[in-house]
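Reader: I am new to this structure. Can we go through it one feature at a time?

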Amino acid sequence: MNTLSINELIHLQNPPAVFTPGEPEFWTDAYIATQMLAAHLDPSTDVASRRPETIQRTVEWIIEILGLKQGDSVLDLGCGPGLYASRLAQVGLAVTGVDFSQNSIRYAQESARKKGLAVSYRCQNYLELDEQNRYDAALLIFGDYCPLNPQQRRRLLENVRRALKPGGAFVLDVSMPNIHKPTEGRNNWYAVDKGFWRPTPHLVLEQHFGYSGDVYLDQYIVIEAEGKQTVYRNWFQDFTAQRIRAEMEENGFAVASLWGDLSGSAYQAEGDWIGVVARRV
């Protein structure tokens, strides 16, 4: 939309149907991609990637809990700029990193080249993964499972199960309702000369909606100086231990253990995260 529409803004105050997509070029927009990469690489925040010390603990814990050894093959889904993949490769694992962002993949490839690491990176939507019986373990870290709708999650699990060797491990973490429920119904706005969404002056209207089944939406309406408005949507499916266990088991995985995170903290029913270690049946 090239001109500001008050009627459209009024309409956007109503919660959209669950998992209705927003702007399709969210992850491929050239400017936003640079902002996302900067957020991934910022060691002071947990906005896009966790802090380096947390990443290191996670890598060490995953290697230990899975009993991974030099030469074992690991698939890092949603690898971003390679923060986990590079650490896994440094200890002799054969790592493949997959991410939808060409910008992040370029950074990861260049970083691996500079460090002399043999990591195989490729720009691909992991919902289109078609490999078979190749990996000893697959990882999906920092809640990347949660923005997917039920059909996408089933497709992902089918792809991961097919890509794993028999008995291979799938390690992921999912958010619990404590993460998003406090934001339900909260609205905010701000105007900036330059920000995350645009390199030029723009206004951002933030909305947060809650749905049944612990589904939440963060919606961002970006209005540019000439009146053009774009709607970005981040959906989240939060999980309880019972829900994530059932979903894994319904799709060909046996849940070996549940944790409070992916660095070995004990699971807590009132926590923020669930770390899942599952095996291909």
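Author: Start with a cut-off. A residue counts as buried when its relative accessible area is under 20%, as exposed when over 50%, and as partly exposed in between. Keep in mind that this is a predicted model.

Reader: Is threonine 58 buried or exposed?

Author: Threonine 58 has 3% relative accessibility, so it counts as buried. It sits in helix α3, residues 52-66.

Reader: What does threonine 58 touch?

Author: Leave out residues up to four places away in sequence. Then threonine 58 touches Tyr84, Ile141, Leu262 and Ser263.

Reader: Let us step back. How many helices and strands does the protein chain have?

Author: The protein chain has eight helices and eleven strands.

Reader: What radius of gyration would a compact globule of 281 residues have, and what does the protein chain have?

Author: The rule gives a value near 19 Å for a compact globule with 281 residues. The protein chain has 19 Å, so the two agree. Along its principal axes, the C-alpha trace spans about 60 × 45 × 35 Å.

Reader: What share of the residues is buried?

Author: Of the 281 residues, 52% count as buried. The accessible surface of the chain comes to about 13400 Å². Carbon and sulfur atoms hold 50% of that surface.

Reader: How do I read contacts along the chain?

Author: A contact means heavy atoms within 4.5 Å. Residues 24 or more positions apart account for 64% of them.

Reader: How many charges are there, and how far apart are their mean positions?

Author: The protein chain has 27 positive and 34 negative charges. Their mean positions are 5 Å apart.

Reader: Now a helix. How do I check the span of α5?

Author: Count 1.5 Å a residue. Helix α5 covers residues 102-115, so its 14 residues should span 20 Å. Its end C-alpha atoms are 20 Å apart, which agrees.

Reader: Why do residues three or four places apart point the same way?

Author: An α-helix has 3.6 residues a turn, so residues at that spacing point the same way. Now the case here. In α5, the buried residues are Asn103, Ser104, Ile105, Ala108, Ser111 and Ala112.

Reader: What do the buried residues of α5 pack against?

Author: They pack against α2 (30-41), β2 (94-99) and β3 (120-123). After α5 comes glycine 116, with a positive phi near 70°.

Reader: Where is serine 86, and is it buried or exposed?

Author: Serine 86 is in helix α4, residues 83-90. Its relative accessible area is 7%, so serine 86 is buried. Leaving out residues up to four places away, it touches Lys115, Leu117 and Tyr121. Serine 86 and alanine 108 are 22 residues apart in sequence, and their C-alpha atoms are 8.3 Å apart.

Reader: Is leucine 12 buried or exposed?

Author: Leucine 12 has 5% relative accessibility, so it counts as buried. Its place is in the loop between α1 (6-11) and α2. Beyond its neighbours within four places, its contacts are Gln207, Phe209, Gln219, Ile221, Val231 and Arg233.

Reader: What about arginine 161?

Author: Arginine 161 lies in helix α6, residues 150-163. At 27% relative accessibility, it counts as partly exposed. Its contacts beyond four places in sequence include Asn251, Phe253 and Val281. Arginine 161 and valine 281 are 120 residues apart along the chain, yet their C-alpha atoms are separated by 8.4 Å.

Reader: One last residue. Where is alanine 278, and how accessible is it?

Author: Alanine 278 is in strand β11, residues 273-280. At 0% relative accessibility, it counts as buried. Setting aside residues up to four places away, alanine 278 touches Gly168, Ala169, Phe170, Met248, Phe253, Ala254, Val255 and Ala256.

Technical notes: Residues numbered from 1 in each chain as written. Predicted model: local features only at pLDDT ≥ 70, side-chain atom pairs only at ≥ 80, totals over all residues. Heavy atoms only, no water. Helix = DSSP H or I, 4+ residues; strand = E, 2+ residues; numbered from the N terminus. Rg over C-alpha atoms; globule rule 2.2 N^0.38 Å. Buried < 20%, exposed > 50% of the residue type's maximum accessible area, 1.4 Å probe, protein only. Areas by Shrake-Rupley, 256 points an atom, 1.4 Å probe, with all protein chains shown as cover. Lys, Arg positive; Asp, Glu negative; His and termini not counted. Charge placed at Lys NZ, Arg CZ, Asp CG, Glu CD. Expected span 1.5 Å × (residues − 1).
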